[in-house]
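Good morning, and thank you for the time on the agenda.

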Amino acid sequence: MNLVFDKSVPDRSGVTLPVSDVPAPAPMASTYRRSADAELPELSELDVIRHFTELSRRNYGLDTGFYPLGSCTMKYNPKINEAVARIEGFSNLHPFLPQLRHGGMLTQGALKILFDLERLLCEITGMRAFTLQPLAGAHGELTGMMLIAAYHRERGSRKTDVLIPDEAHGTNPSSAAIAGYQTRAVPTDPTTGRLDLAAVETMVGPQTAAIMLTNPNTLGIFNTEVDRIATLAHRHDALVYYDGANLNAVLGKFRPGDAGVDVMHVNLHKTFSSPHGCGGPGAGPVGVAPNLEPYLPISRVVKRTDGTYTLSYAFPKSIGYVAPFYGNFLVCLRAYAYILSLGREGLIEASEQAVLNANYCMHALRGAFELPFDKPCMHEFVLSAVRQARNGVHAIDIAKALIDEGFHPPTVYFPLIVKEALMIEPTETESKETLDRFVAAMLTIAQRAEQDPASFSNAPRTSPVCRPDEAKAARDMDFRV
Amino acid sequence: MSYIANTPGQQREMLAACGVDSVARLFDAIPPHLRPKSFDLPPGRSELEVAACLAEVAARNYLQLTCFVGGGYYDHFIPAAVDAITSRSEFYTAYTPYQPEVSQGTLQAVYEYQTQICRLTGMDVANASVYDGGMAVYEACQMALHATGRSRIVLDGGVSPVYRKMLDCYTANLSIKRHEVTVSHGQTDRQRLFDALDSDTAAVILQNPNFFGVIDDHADVVRHCHERGILVVQSVYPIALGLLKTPGEIGVDIATGEGQSLGIPLAFGGPYLGFMATTRALVRRLPGRLVGRTVDRKDRQAFVLTLQAREQHIRREKATSNICTNESLCAIRAHAYLCLLGKHGLKRVAQLCHAKAHYAKERFDAIPGVSVMKASPTFNEFTVRLPADAGDVAGALVDQGIAPGLPLGRFYAGMDDYLLVAVTEKRTKTEIGRFAEALEAALTDRHRCLT
């Protein structure tokens, strides 16, 4: 497919702008002007629409089909959420309006959404207070680490380390490092798939600022010792960070705030159904226990006694501004609509069905693939293609073969501690028929890996391209035309 | 409404296949003492009820205001085709393009977006986006600190106070020294800036047009810095680049900016788009995703995420940044917007903004007691000094249906009487005239009340 720049025709335009109704000013001095116009493409509106429509047909979205991408919670994105995000009363609101005198009164609707969503997230997670400012999950982690740093700084503690399980998302060690901490990897117990408690006990000490946990972890296994880990950490005044990436497994079943967690983030684009948008925007609100509330970012939305909402900056210990305004507002709005739609029972049902769908797939596939941790899973499970790899069919080959079967591949080669990992998260919104088709495709692939391993090398055949040369991409560094 | 397809009958079949008799058994791993102490949430609602509820809440936001508020976030025209494009579910419901075969649409769109940003800024290479213009400045600082091995950042006073506050927050726990230089007549104060540089300075951060709307030619600043091994970061306003000298033309090392004005709605603060572009020399220090062009097994053109060894999912604690989810869909919006406007359209929008702001300056300058700051040239935003507290005057104008700009007292000490006014191509001569008349009337009323 041609690049949009190849379709450009001089003097064509995709937009008609109004004729100026004001006198032309004296031209800007040449010292301030660019020497030549930016070489943007020149296209009609239809040219542009056709180009992007063609691009879109070379993409696989959740609305296209099953997307069992482990750790990403690719659940259905309800259309009502998109509709409310387009209401002009929300989409056209200037973020500086509250800065005008009495400006908070001009944005009462938006402030109510923020206030209510914070309260709902508190109840869902058991945390004391939330900030909606973090703009993605990793941004939430960084915010959480900065809250932890502010807490220790205030207490005059010299803390240097953050403990992170070896199965954790890569963002965990990266966020801790960017906040100024050394990271230390805690091993997973190979028999249970859970964090090795004995290792935590030897590693935690006065130098430990925090321990970061994901529960259920990236293997889809719930850590029953989470409260004991919190107690161990707190003994050394280390705080517990909970990565809420996997919250979709435990809505109404477990609340981090009840288990001694000090700070956590939730991914609104996972558990709360806002769409992933080719990799963003998302939102990663951060919740805290009472000990960290004074440090939350400003501004904060507060409710006055007369029932109106306002922005408050009167938090002297606050870490300040992690985002330009109040977070990715339209993402928060979608999540709010989702929580209103599902309500208490709907959220519980979502987790139950997510866990049922995952276990159903796991049971159907455990014979054909290695299951490194053979126990009931939560919302996702990790298979290993080591058996197939002996025939030369690796996890990546299975992923590519699935594309030919009409499915998006699962997450592969993560978590890092499982060889040839295939991480599968079906989510609650998929039907049994879809899961059955997926299972059938996986079983066929497993059989083919035994009988005709050579057939994988040309997969996928049905996609616009097949196994792009990544080494060449890194070598050529062709990032633009 | 829970969007669950499986019927109770199917659920029973599935449970049987798992060898358990109830869903509750699947949660046996969670012991009783770890069960929620509370889960007190409202009952679910129908789509009809949710839509009605949110329409009612939206109506509590007051929208009948003619917008002259800017401050880095502008009320620009968005062609309907932009929404049509990003409403395609193949874009908005897709995940990060880790599997290139099923993501060529995303990957090619981002590759084209990177090209558009390079052509707009005159830089060599752009990344696939960061969260917003403020994070882009922060990430640029990190790049400069690592590239130079130095530990000090010097900021021009014209850099957005929003970005500066974000930098304060992100650097609080790190050993980074910061120095800010106040502006002179709205422009970069060369003498003070040069005096502030030392051998430990990694980067100078500039903004053009700056927060006061003032434009500058920073070529001399770049030369001076480069002679001392100091990198220059310039935050730019992409619409203004339809006319203004590019960061690339003056040799800037890292260009950043807020992409909201490129077809992204104001949306009460987000989602927005941080863009970053740099030179070939610094490409390996760029944070976030990068799309590269290559070929597939059949020698067909193909696009992939590349240089991923910089990123957190490979490099973990040694990554250049912790960014994972970015603002891809906003980048696609910006790309679609730039395609629709094209070479001439973008320049035309910039000219309209400049002309209308110039007209507004003339109108305001004729109002007794109002002085428009004119010592330095501006693009589409400018500062006026009022004979009264700008917050009070703004309040009076809101009552007249005008959001007149941003009172600066909140951001700069001693600037309580200053108002920052932005004019986009959407504003008409009539609206500007009505603003000028309302401003004059408000000041006259106020004067009468006081005397």
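This is a predicted model: local features need pLDDT of at least 70, side-chain atom pairs count only at pLDDT 80 or more; totals for chains, interfaces and linings use all residues.

I begin with chain B as a whole. Its C-alpha trace spans about 85 × 55 × 50 Å along the principal axes. The secondary structure of chain B comprises 14 helices and 15 strands. Of the 451 residues in chain B, 60% are buried. If we take the contacts in chain B between residues at least 6 apart in sequence, 73% of them join residues at least 24 apart.

Next, the domains. The domain assignment divides chain B into domain 1 (8-46), domain 2 (66-75 + 348-450) and domain 3 (80-337). Between domain 2 and domain 3 of chain B, the C-alpha centres are 30 Å apart. The contact between these two domains of chain B involves 21 residues of domain 2 and 21 residues of domain 3. On the domain 2 side, the elements that give two or more residues are α12 (328-365) and β12 (381-385) of chain B. Of the elements on that side, α12(B) gives the most, with five residues. By class, the domain 2 side of this contact in chain B has twelve nonpolar, seven polar and two charged residues.

I turn now to the strands of chain B, starting with β5(B), residues 201-208. How many of the residues of β5(B) are buried? Eight of its eight residues are, and the strand is accordingly described as mostly covered. Strand β3(B), residues 152-156, runs parallel to β5(B) and is joined to it by four bridges. In this pairing, B:Val154 stands opposite B:Val204. Strand β6(B), residues 231-236, also pairs with β5(B) in the parallel sense, over six bridges. There, B:Ala203 has B:Leu231 as its bridge partner in β6(B). The chain passes from β5(B) to β6(B) through helix α10(B), residues 219-226, and this β-α-β crossover is right-handed.

Helix α8(B), residues 161-171, has several buried residues: B:Val162, B:Tyr163, B:Arg164, B:Met166, B:Leu167, B:Cys169 and B:Tyr170. What do the buried residues of α8(B) pack against? Within chain B, they pack against α7 (133-148), β3 and β6, and from chain A against α5 (137-154).

Strand β10(B), residues 301-305, runs antiparallel to β9(B), with five bridges joining the two. B:Gly292 faces its opposite residue, B:Val304, in β10(B). The hairpin formed by β9(B) and β10(B) has five residues between the strands, and B:Asp299 in the turn has a positive phi of about 65°.

Four bridges join β10(A) to β12(A), residues 421-424, in antiparallel fashion. Within that pairing, A:Phe381 stands opposite A:Ile424.

I close with the two chains together. Their contact takes 175 residues from chain A and 166 residues from chain B. On the chain A side, the largest share comes from helix α9(A), residues 329-365, with 21 residues. By class, that side has 93 nonpolar, 49 polar and 33 charged residues.

In soluble globular proteins, nonpolar side chains tend to be buried together. In this model, the largest nonpolar core has 309 residues, of which A:Ile211, A:Val240, A:Tyr241, A:Cys332 and B:Ala203 touch the most other members. The largest share of the core, 22 residues, comes from α9(A). Leaving aside neighbours within four places in sequence, A:Tyr241 is in contact with several residues, among them A:Gly144, A:Ile148, A:Ile211 and A:Val263.

Methods:
Residues are numbered from 1 along each chain as its sequence is written. Chains are lettered from A and ligands numbered from 1 in the order in which they are written. Two strands pair if DSSP finds at least two bridges between them. Two residues are in contact if their C-beta atoms, placed from the backbone, lie within 7 Å. Ala, Val, Leu, Ile, Met, Phe, Trp, Tyr, Cys and Pro count as nonpolar, Asp, Glu, Lys and Arg as charged, and the others, Gly among them, as polar. A residue is buried if 20 or more other C-beta atoms lie within 10 Å of its own, exposed if 12 or fewer, and partly exposed in between; C-beta atoms are placed from the backbone. A nonpolar core is a set of buried Ala, Val, Leu, Ile, Met, Phe, Trp, Tyr and Cys residues joined through C-beta atoms within 7 Å. Domain bounds come from an automatic or database domain assignment. A crossover is right-handed if, with the strands pointing away from the viewer, the path from the first strand over the helix to the second runs clockwise.
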